[in-house]
Amino acid sequence: MSNICDDCVYYDYDQELEAFVCTMDLDEDEMERFLKGTSAACPFYRPGGDYKTASRQ
């Protein structure tokens, strides 16, 4: 099963961390819910374009 973040426009590769991260500017409460996985769906999810998805491959 694919993670919904994988095709989100806010999910980008961070070269310093050498990992994919959410680039959405979340406040403290939103980040806590995101990390705990307590929200049913990400309210900021937006599908990325074909070029953005292909650039990760």
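The dialogue that follows treats the fold, the surface and the charged residues in turn.

Guide: This is a predicted model, so local features need pLDDT of at least 70 and side-chain atom pairs count only at pLDDT 80 or more, while totals for chains, interfaces and linings use all residues. Residues are numbered from 1 along each chain as its sequence is written, and side-chain values use heavy atoms, with hydrogens and water left out.

Visitor: Which elements make up the secondary structure of the protein chain, and in what order do they run from the N terminus?

Guide: Helices (H or I, at least four residues) and strands (E, at least two) are DSSP runs, numbered from the N terminus. The protein chain has two helices and two strands, in the order β-β-α-α from the N terminus.

Visitor: What share of the contacts in the protein chain joins residues at least 24 apart?

Guide: A contact means heavy atoms within 4.5 Å. Among contacts between residues at least 6 apart in sequence, 55% join residues at least 24 apart. As a separate example of distance, Ile-4 and Arg-46 are 42 residues apart in sequence and 9.8 Å apart in space, C-alpha to C-alpha. Ile-4 belongs to the segment before strand S1 (11-14).

Visitor: Is Ile-4 buried or exposed?

Guide: Buried means under 20% relative accessible area, exposed over 50%, and partly exposed in between (1.4 Å probe, protein chains only). Ile-4 is exposed because its relative accessible area is 51%. Of the 57 residues of the protein chain, 9% count as buried.

Visitor: Which residues gather in a patch of negative charge on the surface?

Guide: A patch is made of residues with over 30% relative accessible area and no salt bridge, like charges being joined within 9 Å. Asp and Glu count as negative, and the charge is placed at CG of Asp or CD of Glu. Here the patch consists of Asp-25, Asp-27, Glu-28 and Asp-29. Glu-28 lies in helix H1 (residues 28-36) and counts as exposed because its relative accessibility is 70%.

Visitor: How many salt bridges does a search of the whole structure find?

Guide: A salt bridge is a side-chain nitrogen of Lys or Arg within 4 Å of a carboxyl oxygen of Asp or Glu. The search finds one: Glu-32 pairs with Lys-36, their closest N and O atoms being 2.8 Å apart.

Visitor: Where do Glu-32 and Lys-36 lie?

Guide: Both lie in helix H1, four residues apart, about one turn of the helix. Glu-32 is partly exposed, at 39% relative accessibility, whereas Lys-36 is exposed, at 58%.

Technical notes. Patch = residues over 30% accessible without salt bridge, like charges linked within 9 Å, V, L, I, M, F, W, Y side chains within 5 Å. Areas by Shrake-Rupley, 256 points an atom, 1.4 Å probe, with all protein chains shown as cover.
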